[in-house]
Amino acid sequence: MSTMETRSRSLRIHPPSTCRPVDSKLPAMPDLRYPIGPFEPREVLTPEERTELIEQLAAAPMQLRAAVTNLTDEQLATSYRDGGWTVRQVVHHVADSHVNAYTRLRLALTESEPLLRPYDEGQWAMLDDARTMDVDVSLALLDALHARFVALLRTLPEDAFRRRLRHPEHEGVLTIDWLLAMYAWHGRHHTAHITALRQRLGW
Ligand code: NI
């Protein structure tokens with residue numbers, strides 16, 4: 001990755017390689033980066049949508065654990081697509097990302113339009129623990145983290161979901177509804193990277 005790419009990625013909430021809208025002019029073919037489709041931002045959700053997305057967040061750790069069940073070390077060291085992260089890095093990335101999401105939620109609930117702190121997730125995924133550590137550690141982290149995350153979301157009154165936050169790379173303001181939709185999608189997105197790989201390779 002070039003320095004410029006590194007700089008560009010470091011400012012984004014999620015790497016352009018996995019989050020930007022797919023170019024509609026490209027020929028229709030399975031895009032391994034987007035097994036469930038790209039994130040479609042939402043600023044305001046209906047109560048029914050919120051309930052559904054909170055349930056998705058609640059189920060995310062269990063589904064990620066199921067996705068890696070019975071994989072060998074060699075399988076965990078396999079990239080989910082050419083040039084992509086290994087299965088192991090994907091699992092640790094979800095934990096890293098959702099730790100940030102949880103912090104961002106708490107900031108948005110306790111401060112006035114807090115400015116989010118971007119981080120370079122590509123570089124985080126290259127740190128030694130993210131490349132080598134047992135996935136069970138991050139799965140346990142996600143269990144505990146999502147228990148807190150989901151319990152808090154379930155206590156929030158309707159108007160809290162419209163509380164605002166800002167991001168240096170997004171014009172205007174984002175909302176807690178946006179954050180909820182983003183991270184519910186994010187967990188499913190990366191879990192599908194792994195389940196799609198298993199399907200392709202017959203694991
Ligand atoms: Ni991600």
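**Helix packing around α9**

V87, V90, H93, V94, S97, H98, A101, R104, L105 and A108 in α5 meet I176, L179, Y183, H186, G187, H190, H193, I194 and L197 in α9. Contact here means C-beta atoms, placed from the backbone, within 7 Å. This is a predicted model: local features need pLDDT of at least 70, side-chain atom pairs count only at pLDDT 80 or more, and totals for chains, interfaces and linings use all residues. Residues are numbered from 1 along each chain as its sequence is written.

**Overall layout**

- The protein has nine helices and two strands. Both are DSSP runs numbered from the N terminus: helices are H or I with at least four residues, strands are E with at least two.
- Along the sequence the order is α-α-α-α-α-α-α-α-β-β-α.
- Of the 203 residues, 29% are buried. Buried means 20 or more other C-beta atoms within 10 Å of the residue's own, exposed means 12 or fewer, and partly exposed lies in between.
- Take the contacts between residues at least 6 apart in sequence: 76% of them join residues at least 24 apart.

**α5 against α9**

- The α5 and α9 axes lie 11 Å apart, at an angle of about 175 degrees. Axes are lines fitted to C-alpha atoms, for helices over the stretch in contact, and angles run from 0 to 180 degrees between N-to-C directions.
- That angle makes α5 roughly antiparallel to α9. The classes are roughly parallel under 35 degrees, roughly antiparallel over 145, roughly perpendicular from 65 to 115, and oblique for the rest.
- The residues of this contact divide into 11 nonpolar, seven polar and one charged. Ala, Val, Leu, Ile, Met, Phe, Trp, Tyr, Cys and Pro count as nonpolar, Asp, Glu, Lys and Arg as charged, and the others, Gly among them, as polar.

**α3 against α9**

- Helix α3 (residues 47-68) packs on helix α9 (residues 176-201) at about 25 degrees, with axes 9 Å apart. The angle makes α3 roughly parallel to α9.
- On the α3 side, the contact residues include L53, L57 and L64; on the α9 side, they include L180, A184 and I194.
- By class, this contact of α3 with α9 has 12 nonpolar, five polar and two charged residues.

**α3 against α8**

- The axes of α3 and α8 come within 8 Å and cross at roughly 170 degrees. The two helices are therefore roughly antiparallel to each other.
- Among the residues in contact are I54, L57 and P61 of α3, with L139, L142 and F149 of α8.
- The contact of α3 with α8 divides into 13 nonpolar, one polar and three charged residues.

**Nonpolar core**

- The largest nonpolar core has 33 residues, and L179 and L180 have the most contacts inside it. Such a core is a set of buried Ala, Val, Leu, Ile, Met, Phe, Trp, Tyr and Cys residues joined through C-beta atoms within 7 Å.
- The elements giving two or more residues to this core are α3, α5 (87-110), α8 (135-155) and α9. The most come from α9, with 11 residues.
- Leaving out residues up to four places away in sequence, L179 touches A101, R104, L105, A108 and L174.

**Positive phi in loops**

- N70 is not a glycine, but its phi is positive, near 65 degrees. N70 sits in the loop between α3 and α4 (73-76). N70 is exposed, with 8 other C-beta atoms within 10 Å.
- E113, also not a glycine, has a positive phi of about 45 degrees. E113 lies in the loop between α5 and α6 (121-126). E113 counts as exposed, with 12 C-beta neighbours inside 10 Å.

Definitions and conventions: Contact = placed C-beta atoms within 7 Å.
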